[in-house]
Amino acid sequence: VARELMLVKVAVKPEQRQGALSIADIFRAKVGDGSKDSLIMEILKYMIICFHGMMKLNGTSCRYSSIM
């Protein structure tokens with residue numbers, strides 16, 4: 001089974017972190033790395049548009065790229 005994956009860097013403030021992690025859980029995104037002001041997540045490509053929209057509603061910004 002082949003799946004296209006995306007890496008997403010999410011800029012989060014400390015007060016937004018829990019909301020971002022909750023959204024990641026909904027979309028079954030895996031958190032690969034984190035720092036005080038960002039999280040890097042792995043998500044399936046077909047979910048990225050909805051995921052990005054939900055993160056915008058949470059007040060966070062995202063950048064992403066395909067990793068196959």
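Tutor: Start in a strand. Val8 stands opposite Met41 in E3. Keep in mind that this is a predicted model.

Student: Which residue of E3 does Val31 stand opposite?
Tutor: Met41 again: Val31 stands opposite Met41 in E3.

Student: How do you know that E1 and E3 are paired?
Tutor: Count the bridges. Pairing needs at least two bridges between the strands. E1 and E3 are joined by 7 and run antiparallel. So they count as paired.

Student: What makes E2 and E3 a pair?
Tutor: The test is again at least two bridges. Strand E2, residues 30-34, and strand E3, residues 38-44, have 4 bridges, in the antiparallel sense. A hairpin of 3 residues joins E2 to E3.

Student: Why is E3 called largely enclosed?
Tutor: Because 5 of its 7 residues are buried. Ser38 lies in E3. Its relative accessible area is 11%. Buried means under 20%, so Ser38 counts as buried.

Student: What does Ser38 touch?
Tutor: Beyond residues up to four places away in sequence, Ser38 touches Lys9, Val10, Ala11, Val12 and Arg17.

Student: Why is Gln16 called buried?
Tutor: Its relative accessible area is 13%. The cut-off is under 20%, so Gln16 is buried. Gln16 sits in the loop between strand E1 (5-11) and helix H1 (17-26). Leaving aside neighbours within four places in sequence, its contacts are Ala11, Asn58, Gly59 and Thr60.

Student: Is Gly19 buried, partly exposed or exposed, and what makes it so?
Tutor: Gly19 is partly exposed, at 25% relative accessible area. Under 20% would be buried and over 50% exposed, so 25% falls in between. Gly19 lies in helix H1. Gly19 and Thr60 are 41 residues apart in sequence, and 9.6 Å apart in space, C-alpha to C-alpha.

Student: Why does Arg28 count as exposed?
Tutor: Its relative accessibility is 63%. Exposed means over 50%, so Arg28 passes. Arg28 is placed in the loop between H1 and E2. Its phi is positive, about 55 degrees, although Arg28 is not a glycine.

Student: Which residues of the largest nonpolar core touch the most other members?
Tutor: Of its 18 residues, these are Val8, Val10, Met41, Ile43, Phe51 and Met55. E1, H1, E3 and helix H2 (48-57) each supply at least two residues of this core. E3 gives the most, with 4 residues. In general, nonpolar side chains tend to be buried together in soluble globular proteins.

Student: How do you know that Phe51 is buried?
Tutor: Its relative accessibility is 0%. The limit is under 20%, so Phe51 counts as buried. Leaving aside neighbours within four places in sequence, Phe51 is in contact with Val8, Val10, Ile23, Ala24, Phe27, Ala29, Met41 and Ile43.

Student: How many aromatic pairs does a search of the whole structure find?
Tutor: It finds 1. Phe27 and Phe51 form an edge-to-face pair, 5.7 Å centre to centre, with 90 degrees between the planes.

Student: Why does the pair tie together separate parts?
Tutor: Phe27 lies in the loop between H1 and E2 and Phe51 in helix H2, so the pair links parts 24 residues apart in sequence. Phe27 is also buried, with a relative accessible area of 14%.

Student: Now the whole chain. What pattern does the protein follow along the sequence?
Tutor: The pattern is β-α-β-β-α-β. That is 2 helices and 4 strands.

Student: How do you know that the size agrees with a compact globule?
Tutor: With 68 residues, such a globule would have a radius of gyration near 11 Å; the protein has 11 Å, so the two agree.

Student: What share of the 68 residues counts as buried?
Tutor: The share is 31%.

Note on methods: Residues numbered from 1 in each chain as written. Predicted model: local features only at pLDDT ≥ 70, side-chain atom pairs only at ≥ 80, totals over all residues. Heavy atoms only, no water. Buried < 20%, exposed > 50% of the residue type's maximum accessible area, 1.4 Å probe, protein only. Contact = heavy atoms within 4.5 Å. Core = buried A, V, L, I, M, F, W, Y, C linked by side-chain atoms within 4.5 Å. Phe/Tyr/Trp six-rings, centres within 6.5 Å; stacked < 30°, edge-to-face > 60°. Rg over C-alpha atoms; globule rule 2.2 N^0.38 Å.
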